[in-house]
Structures are given as C-alpha cells and as structure tokens.
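Morning, everyone. I have one structure to go through today, so please look at the screen.

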Amino acid sequence: MRYDLVLRVAAKLLIPFILLFALYVQFHGDFGPGGGFQAGVILAAAVIFYALIYGLRDARKVVPEPLVESMMAFGVLIYAGVGVAGLVLGGNYLDYFVLDADSVHGQHRGIFWVEVGVATTVSGVMLKIFYMFADRGKVDDE
Amino acid sequence: MMAVTVYVMARSRNLFGVVILAGIYSFLMATVLVAMDAVDVAMTEASVGAGISTVLFLGALYLCKSEEARPLHKPWLPLALSMTVGGVLVYGTLGLPEFSDPAAPIHTHVVPRYLNDIKREVDVPNVVTAVLASYRGYDTLGETTVVFTAGAGVVALLRRRRKDRRP
C-alpha cells in the first residue's frame, strides 16, 4: 500500500484540500455549520489519511508525537485561558463581553479563541489515539 | 434502511463488515439529522461517527482476529433486557411534544431570549455556535476537558513501557 503510486498522488492532491476545508470549517463556524469539534476531527483525518498512505513514520515526521501530546493539553489551556482572561479584565469566568471595548467584538474574540482551543484538543486527542493504535500493530516496522 | 443495517450488524460475525456497516449507519444517521435541520450535529456525526471511529475500529481490528468468537451463552437475557430498556425509552418519547411544535417547553424557556438577543449581544449568524461557545461556554469547556481526559486515559493505558521491557 505504501508504494502505490495512484494512492500517493491522489493523497497529495487531496490532503491540501482537506486541510483547507478544516480551516474553513473552523473559521466559518460563526456563519455556517461547523466549529472547533468538526474542524479538529477533519484536521486529524487529514493527518491520519497521510499516515495511512505514506506510513506512520513519515506522518510522525510531519506531526511529531510531542507536538500532538502538547496539543491535547494546550487546547484545554487556551479555552480555560479565555475564561481567566475574562476574570483578569474584570468580568466573570468565561465572560467574553470584557475582552474588547465593544462587547459584541469581545464576544467574537472569545468565541474565536474558544473554538481554537476546542479544535486543538480534539485533533490532538484523535491523532494521539490513532498513533497509539497504529503503533501497537506496528503498521510499518520495516 | 437503518433497521436493516443494524440487523445485519447484529447477525454478522465478520467484524470487518460490521465496522463498515457501522460507518454506513453513521452516514444514514447524519442524513436523518440533516433532514431534521440539525446541520452542525450532522456534520459531527459524519466526521466523528463515520470517519474517525471507522478508522480507529479498523486500527483495532488490525490487532485482533477479524472473526467474532461464538458466544458461550444464549443471548436471551441480554436481548430481553435491552428490549425492555428500549421499550421504556420509546414509551418515554410518547410523552414528548411533537417535533417542531412551537409551544413545546424547549421553545418557550430560553430559546426566545437567545434568538431575540443574539443579534445585539453576540452578533454571530450561526446561533448554534453562539449558544455553544458563548451562552453555554461552561458546558463546552467541560466537553473539551472530557475529550482531553479520554485522550489522557488512552495514553496512560497504551503507552509502551520501554523501560520495563528492557531493564
């Protein structure tokens, strides 16, 4: 499977679009369906696709394991950090109104960062679980 | 179609087929959700249920045999139990208001406030996002923590202990 030319070329063509779609889902979540959860999963799916075609070792080079593990924790930290930022700026925990002089803008900003946190954690966890499973089977121990 | 899928899944002993059928079931579920105008949920169902979990199941399948073992006991007791629970749940849904009934309690409690004030307070066209990230921010923080905890649990269970193996 790893040296199948058709699959490799198709993957090379498709992966940029999958990544772009993930970003679209992430940042267009305010206007259409989508948001952090979905974008995180699509992002992870792109990397898993890469790992399936090119092998786990190459995928680990692109998205190294320490990065994935820190993504898991950083997502929650970003989310909680938005809440703490609300506290520091004089509101309640997870209060977005105070994040900007204009309260509506503050809401936008809060939602944006919260979604970033969600996407980071979700894609990190999905990727980590996939790495763990694939690693146990030693998919490409050559 | 969904009932047929579930029946075949329950009958089949080939786990590979079962995984693929579970993916098909998720896509059908996503279609139903789209038909019910829950696009956000449908998108999550399609990507998580049909996409990622199918891949993870296949990864798990790679580690074990692809044929299900013959059960040792007759399945009558579990079947009766799940039928009873299912029956009770269906009975519970009979008391729910009609789908898209404007007088249902869910539409009279906080929803009007969300729908009326969202333009002034949050100004995000997708109400689902606004409710999810802003009005119900605590819940979503909890969900994110749950996802993180699940990942941490998998890491704790499956991480290879190289030091133990080679002392």
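Chain B has nine helices and zero strands. Going along the sequence, the pattern is simply α-α-α-α-α-α-α-α-α. Of the 167 residues in chain B, 19% are buried. If we take the contacts in chain B with a separation of 6 or more, 36% of them join residues 24 or more positions apart.

Now the contact between the chains. Chain B puts in 37 residues and chain A puts in 43 residues. On the chain B side, α3 (39–63), α7 (127–135) and α8 (137–158) each give at least two residues. Which helix gives the largest share of that side? That is α3(B), with 14 residues.

Last, confidence. For the complex, the predictor gives an ipTM of 0.72 and a pTM of 0.73. The average pLDDT of chain B is 76, and 80% of its residues score at least 70. Within chain B, helix α4 (residues 76–94) has the highest confidence, at a mean of 88, and helix α9 (residues 162–165) the lowest, at 49. Residues 163–167 of chain B have a pLDDT below 50, and that stretch makes zero contacts in the model beyond near neighbours in sequence. Where pLDDT is low, predicted coordinates should not be read in detail.

That is what I have; questions are welcome.

Conventions. Residues numbered from 1 in each chain as written. Chains lettered and ligands numbered in written order. Predicted model: local features only at pLDDT ≥ 70, side-chain atom pairs only at ≥ 80, totals over all residues. Helix = DSSP H or I, 4+ residues; strand = E, 2+ residues; numbered from the N terminus. Buried ≥ 20, exposed ≤ 12 C-beta atoms within 10 Å, placed from the backbone. Contact = placed C-beta atoms within 7 Å. pLDDT = per-residue confidence, 0-100.
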